Amino acid sequence: MKTFISLVYAVALFQNLAAGASIPRPLHLFPTSRRHLNATQVQRELGNQVSNTTVIFGPDDSRYKNSTARWSIYQRPRIQVVIEPALATDVSTIVEYCNDNSIEFLAINRGHGSTATLGSFNGIQINMARFRDISIQPSGETAWFGGGVYDGQATEYLWEYGYVTATGACNCVGMLGPGLGGGHGPLEGVYGMISDNFRQLNVVLANGTAITVNETSHADLLWGMKGAGHNFGIVTSFEYNIYPRGPDLWHYHNYIWRGEKRDAVFTAFNNFHNNGSTPVNMTVNFGGFRLNTTISTTDPIIWWTFAYRGTAQEAERLLAPFNAIDSVYEDSGDVPYPGVSIAQGNGENQFICQDNEVRLTSTAGLQVYNLTAEHQIYDGFKRRIASNPTLAAGAGILHEGYSTEAVNNKNPEDSAYPFRADHHLMLVQIIIPPGNASIERAAWEWANEVTDQWNGGQPERPVNTYVNYANGYEPVEQ
């Protein structure tokens, strides 16, 4: 069974990042799917089978725009009807209805899936927005989360009651989308990835059957859903590890350096991370290359942000090599843990969380930074600033680094997540104007070039694609 699920991980590259899944239609009653739907028809056929607080609406409804908003509108799915179920039993009923009528269905939480295959979808969206309850259990060791809970919500709620848990670094992203594919985040060095903290999940399968998945019930499926779980079913709720909060204040430090400092910066990073030995409380750092015309109109700048779980004195001692590199901008301070994401630019209302942009992405997993590759990537960015300023203006070359102690300490055989040896998660993200074919071609050429350069800098390692950052064009082997 585990061998089969390992193969499914590759298939998941071509599917969406969502609270549950875009589940292929199993055994159709009709040879072709119903391609023309409207909310009135679905309400008439389905409305009396679901709870009276479930809502069904289409493009003419004022709620449609917000409900179908997506982080990236590259290859946007065609949503003919939106259903927002109120109960887990409603999800089963909706899935059965879709199967009976050969209608495609797509479960979403916050709409951050960005794989190209979403563009072929045409059917009903199941929006999990009403599944946002959090219930801390009497033991104080776990909580039950609804399938629609998202990072910022979970962090704020738990902090108020004296707890923290492993989430992603970006406040606007759902917990389950990243979690079912692994789920990197600020506390992974202390508590593991999101997927490492699942205790059990309530899942609606492709045929509408509702099951509970844990170590004693469907244990193989639990193994698969810890890292390769997007398409096994729709998760309506899950029990999850939580931990006592503390320390009360975290330290952050943000830098901007000119490009001429790149050798010094990446040498400092390789020494700092020491190939997977990042100090456990130096929880997350990320940054990279982008254009900032207030500093230079011809060269990309290097920006970076660090978050430390503890005092400024402890953090700045570790950051001394970076403080020794002349910067053009610095900003640092101490905030409670829920404020860290905002200090690092990952708040719900900040730029990274803006919806409805055409975003093209490509990714790689690294162990160390190769200075030759980083020179090539930087020089390629500089050339695009000169030759295609519209393209360069929307580009960001992102490098993510985490403390990984708890991730490395997990038995890799306990989950389907395959890339625990990757210490750095890389992402090219290029925002382009909609409907511009020449810019799109140039953007894909650039994104693939950068990914090839990263992977070319580690020729002894296999090419890995983190499923949550996959664009859907990768070969199955990755």
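## Starting point

Helices (H or I, at least four residues) and strands (E, at least two) are DSSP runs, numbered from the N terminus. With that in hand, let's walk through a few local features of this predicted model.

## Two positive phi values

Most residues other than glycine have a negative phi. Asparagine 356 has a positive one, near 65°. The loop that holds asparagine 356 runs between helix H12 (340-343) and strand E16 (358-366). Its relative accessible area is 34%, so asparagine 356 counts as partly exposed.

Serine 102 also has a positive phi, near 50°. Here the loop is the one between helix H4 (88-100) and strand E3 (104-108). Is serine 102 buried or exposed? Serine 102 is buried, because its relative accessible area is 1% and the cut-off for buried is under 20%.

## A cis peptide bond

Most peptide bonds are trans. Between glycine 246 and proline 247, though, the bond is cis, and omega is near -5°. You can find proline 247 in the loop between strand E11 (243-244) and strand E12 (250-258).

## Around isoleucine 136

Isoleucine 136 belongs to strand E5 (residues 134-136). This residue is partly exposed, as its relative accessible area is 24%. Which residues does isoleucine 136 touch, not counting those up to four places away in sequence? The contacts of isoleucine 136 are Thr142, Ala143, Tyr157, Leu158, Tyr161, Tyr163 and Ile242.

For a distance to check in your viewer, take isoleucine 136 and glutamate 45: their C-alpha atoms are 38 Å apart in space, and the two residues are 91 residues apart in sequence.

Terms used. Residues are numbered from 1 along each chain as its sequence is written. This is a predicted model: local features need pLDDT of at least 70, side-chain atom pairs count only at pLDDT 80 or more; totals for chains, interfaces and linings use all residues. Side-chain values use heavy atoms; hydrogens and water are left out. Buried means under 20% relative accessible area, exposed over 50%, partly exposed in between (1.4 Å probe, protein chains only). Contact means heavy atoms within 4.5 Å.
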